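Hello,

Here is the structure I promised to pass on to you. Please have a look at it first, and then read my notes below.

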Amino acid sequence: MKFGKIQYLNLVPFDMFIKSYPLPTQFKQALFFRRSYPSKLNQSFLFRRIDAGFISSIAGYKSALLHKATMSGIISKGAVWSVIVLPNDDKIDYQSQTSNALCKILGLKGEVLIGDRALKAQYNGAKYIDMGEEWFKKHRLPFVFGRLCFNKYANFYTHISARFNAKKTKIPFYILSSHAKTTGIDMAYIKEYLTHIYYKISHKEHSGLKRFYRALRLEQIPFPHRIYPQDITKNITKKRDKSKK
């Protein structure tokens with residue numbers, strides 16, 4: 001059983017939940033087989049190199065249609081702090097396909113930045129636009145940045161999702177302290193950041209997802225496949241350059 005783990009602070013509560021869940025140690029170690037950033041895990045999931053993981057919403061569209069998505073996600077209702085646009089030249093974040101698409105849908109200009117790097121920029125006082133906040137202002141709905149999806153073991157992951165949603169996980173001091181040292185972000189700030197995120201998908205979250213998918217179609221933003229749109233663009237550019245030579 002191979003689970004893809006996002007290496008961001010926003011999933012620390014899920015990590016703590018799994019550690020406390022009654023599963024064999026070897027099984028828990030195997031569960032987090034892949035560790036990377038969202039767009040990389042999307043690729044691993046689409047190629048079935050992993051069985052499950054918190055997959056970016058844009059890449060979890062097909063899983064949702066096939067009923068291979070759970071009721072757990074990475075969600076904000078308003079400001080999220082870790083998905084932002086900096087007032088720089090336009091630049092996508094290679095780590096997140098959902099956030100890049102969201103930036104376009106919202107009509108924002110600048111440099112997209114996500115995850116712990118975005119949180120640290122925000123913590124250090126950078127000027128920014130919070131995309132979670134902008135989405136909520138426009139639609140009055142939560143935004144689901146990622147969703148726990150699976151390729152196999154439906155009963156297991158559905159059960160895990162239900163138990164995770166039902167339990168309020170406390171994060172030990174030593175874990176917060178460790179992440180504070182790793183990220184360079186104050187421990188109290190990390191705790192405050194985590195209050196901006198929740199994980200249970202209900203009616204309003206589903207409505208937010210539907211609104212996002214509809215916007216993707218209207219903007220003609222393609223859903224990820226095994227060959228990503230940006231990879232295709234790079235290949236086309238390379239071919240053009242060669243033909244000019």
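Let me start with Y37, which is in contact with Y8, Y94 and Q95 once its neighbours within four places in sequence are left aside; contact here means heavy atoms within 4.5 Å. Y37 sits in the loop between β2 (32-36) and α3, where helices (H or I, at least four residues) and strands (E, at least two) are DSSP runs, numbered from the N terminus. With a relative accessible area of 26%, Y37 is partly exposed; buried means under 20% relative accessible area, exposed over 50%, and partly exposed in between (1.4 Å probe, protein chains only). Y37 and E192 are 155 residues apart in sequence, and their C-alpha atoms are 22 Å apart in space.

Before I go on, two notes on how to read this. This is a predicted model, in which local features need pLDDT of at least 70 and side-chain atom pairs count only at pLDDT 80 or more, while totals for chains, interfaces and linings use all residues. Residues are numbered from 1 along each chain as its sequence is written, and side-chain values use heavy atoms, with hydrogens and water left out.

Next, the helix that follows that loop. In α3 (residues 38-46), the buried residues are P38, S39, L41, N42, S44 and F45. After α3 comes R48, with a positive phi near 60 degrees, and R48 is a residue other than glycine. R48 is placed in the loop between α3 and β3 and is partly exposed, at a relative accessible area of 48%.

R48 also turns up among the partners of N151. Not counting residues up to four places away in sequence, N151 touches F45, R48, I50, D51 and K68. N151 belongs to the loop between β8 and α8 (154-166), and its relative accessible area of 13% makes N151 buried. A polar atom of the N151 side chain lies 3.2 Å from the backbone oxygen of I50. That pair is a polar contact, meaning N or O atoms within 3.5 Å; within protein, one must be able to donate a hydrogen and the other to accept it, and residues adjacent in sequence count only if both atoms are side-chain atoms.

The loop between β8 and α8 also holds Y153. Phi of Y153 is positive, near 60 degrees, in a residue other than glycine, and Y153 is partly exposed at 38% relative accessibility. In helix α8 you will find A162, partly exposed at 46% relative accessibility. A162 and W81 are 81 residues apart in sequence and 26 Å apart in space, C-alpha to C-alpha.

Now to the empty space inside, which may interest you. Rolling a probe the size of a water molecule over the atoms shows where empty space is left.

The cavity is lined by 19 residues, and N10, P38, I74, V83 and F145 lie nearest its centre. The elements that give two or more residues to this lining are β3 (52-56), β4 (69-76) and β8 (143-150), and β3 gives the most, with three. By type, the lining has twelve nonpolar residues, seven polar and no charged; Ala, Val, Leu, Ile, Met, Phe, Trp, Tyr, Cys and Pro count as nonpolar, Asp, Glu, Lys and Arg as charged, and the others, Gly among them, as polar.

Towards the end of my list is E205, in helix α11 (residues 203-218). E205 is buried, with a relative accessible area of 7%. Leaving aside neighbours within four places in sequence, E205 is in contact with I75, P142, V144, Y198 and K200. E205 and M71 are 134 residues apart in sequence, yet 9.6 Å apart in space, C-alpha to C-alpha.

Finally, the cysteines. The structure holds zero disulfides, a disulfide being a pair of cysteine sulfur atoms within 2.5 Å. C103 is buried at a relative accessible area of 6%, and C149 is buried at 0% relative accessibility.

Best wishes

Note on methods
1 Å grid on protein atoms, 1.4 Å probe; cavity = no way out; pocket = protein on both sides within 12 Å on 5 of 7 lines; lining within 4 Å.
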